[in-house]
Amino acid sequence: PIHSDWQPHGLGCGRVLSSDPALKVQLLHTSDGIPHWLLGYAVLSDRVGRLEDDFEGILSDSVIDWSANWAGRWILITSDHCITDASASLGLFYRNVNDAVWLSSSVALLADLGEAPTLILWGVVYNRGIDWTPAPLSSREGIFKLPPFRSISMTTGQVRLLKMPSIANTSPSPVAEMAARLRTIAQNAGSLPFTERYLNLTAGLDTRTILSAFVAAEVPCQTTTSLYPGMPEADQWLPPIVAASVGIPHKYSRRIPMRTEDIEARLQIIEEHMGGQVVGPTLDHCAQPGDLPVNERTAIFGGVGFEGRRFLRKYPANLGDLLAQFRDRPQWHLTLSVWANSLSDEIPLVMDWRDRFYLEQRLGGWASANHQCNDIIPSVLLNLGNCVKLSRVMLQFTAKQRLSGFAQREAIRTLAPELSKHPFNPQSWRTVVKQQFRAAKRLARRAMSLPKVGLLRRRR
């Protein structure tokens, strides 16, 4: 989406891979000589070392199972099929044109092939209900998004579930395994060829967990916090204090003043790539980027997708109640009903519908699109908790433990105890007052909606 000099790579059998030079592409061979193309960055979570060095010792039949240990943002292509990382964060869309299968990270590029597909007006509004395009659909008819834990054939376009039998095992000590894998991921991330490493640090659990892994692995990095209008107060003042407690530098990133026409030009570039997949603050941030000094050799690490918590209190406990919210929006209701029917397809991780909703919709839809939008910024964005084996470990904790962030808190205490001394997401008195006021309004509305007979009985 950024460069015009796209690089072609011959995949054989008449297939060609065309990629942006900013995207890392590697040709790797397994021990039985089968070629694999790795797009993006993948780091191991089970041992210290480079994935590229281990590839030639793996049989081709074992690669998919082995990829459960990979963290990062990547797509793997063989002579026939493609698979994605744990949350499909690099984004892979597909379309059939004249009996040929076309795959791309760009909806807009696929829309330019053959007859232009009809635009779907989803009416997505940021922070209101489901504020992303519901997967596996896109913003165009006939263009679909590959969800996590699926592969797609490049010859037939058939989508299949991945088989990863080894991840059904449970860990006798999930906290210890989680901490060990995070430390290993951080060590391997430190070996990637970047000249600058930044960690997006907030006042929350997830980014601090990643920071604790860097501290334990003794990998040099800096922390940064992007300032934007309306951000929580704790995210503004707490990150530099947390970073200083472990001797790590911190920088604020402030939006660069830009002319309106320049912002509009950047929005046009994003639209030409994303095809309407992103709304809200991410779009604003990418159109008016911060002043953090970055380039193609800069890595920015985040905690998105790491938490593995239920996708929580925002949606009802019953799937039917969720679908009922869209009865007056037929297109949404039909799409989400199709997704709900796909829950009978067993993926390798044991999840209830809320977990699947978080993985396949929130991460595979919302987070993936936001990551792609950030590709306009010259840097590499990697979420190091994006690993199947880490998700498996997180699922071993009870729902109550996951909601409270128990696993992250314990991992932080194990990896860098000094980071546990600071509060997580502390609320200002203004926030507490606002929450209490909203709660009082909800109670008042409920009281007003009570039947009059019930109110009379209470008076007696």
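User: Is Ser 89 buried or exposed?

Analyst: This is a predicted model, in which local features need pLDDT of at least 70, side-chain atom pairs count only at pLDDT 80 or more, and totals for chains, interfaces and linings use all residues. Residues are numbered from 1 along each chain as its sequence is written, and side-chain values use heavy atoms, with hydrogens and water left out. Buried stands for under 20% relative accessible area and exposed for over 50%, with partly exposed in between (1.4 Å probe, protein chains only). Because the relative accessible area of Ser 89 is 3%, Ser 89 is buried.

User: Which side chain does the side chain of Ser 89 join in a polar contact, and where does Ser 89 lie?

Analyst: Ser 89 sits in the loop between strand E6 (81-84) and strand E7 (93-97), where helices (H or I, at least four residues) and strands (E, at least two) are DSSP runs numbered from the N terminus. A polar contact is a pair of N or O atoms within 3.5 Å; within protein, one must be able to donate a hydrogen and the other to accept it, and residues adjacent in sequence count only if both atoms are side-chain atoms. At 2.7 Å, the partner of the Ser 89 side chain is that of Asp 85.

User: Which residues does Ser 89 touch, not counting residues up to four places away in sequence?

Analyst: Contact is taken as heavy atoms within 4.5 Å. With residues up to four places away in sequence not counted, Ser 89 touches Gly 72, Arg 73, Ser 368, His 371 and Asn 386.

User: Which residues touch the most other members of the largest nonpolar core?

Analyst: A nonpolar core is a set of buried Ala, Val, Leu, Ile, Met, Phe, Trp, Tyr and Cys residues joined through side-chain atoms within 4.5 Å. Among the 47 residues of the largest such core, those touching the most other members are Met 178, Phe 214, Phe 301 and Leu 384. Elements giving two or more residues to this core include helix H4 (174-189), helix H5 (205-217) and strand E15 (298-302).

User: Is Asp 99 buried or exposed, and what is its phi?

Analyst: Asp 99 is placed in the loop between E7 and strand E8 (100-104). With a relative accessible area of 82%, Asp 99 is exposed. Most residues other than glycine have a negative phi. Asp 99, a residue other than glycine, has a positive phi, near 65°.

User: What is the omega of the peptide bond from Ala 135 to Pro 136?

Analyst: Pro 136 is found in the loop between helix H3 (107-111) and strand E9 (144-145). The bond from Ala 135 to Pro 136 is cis, with omega near 10°.
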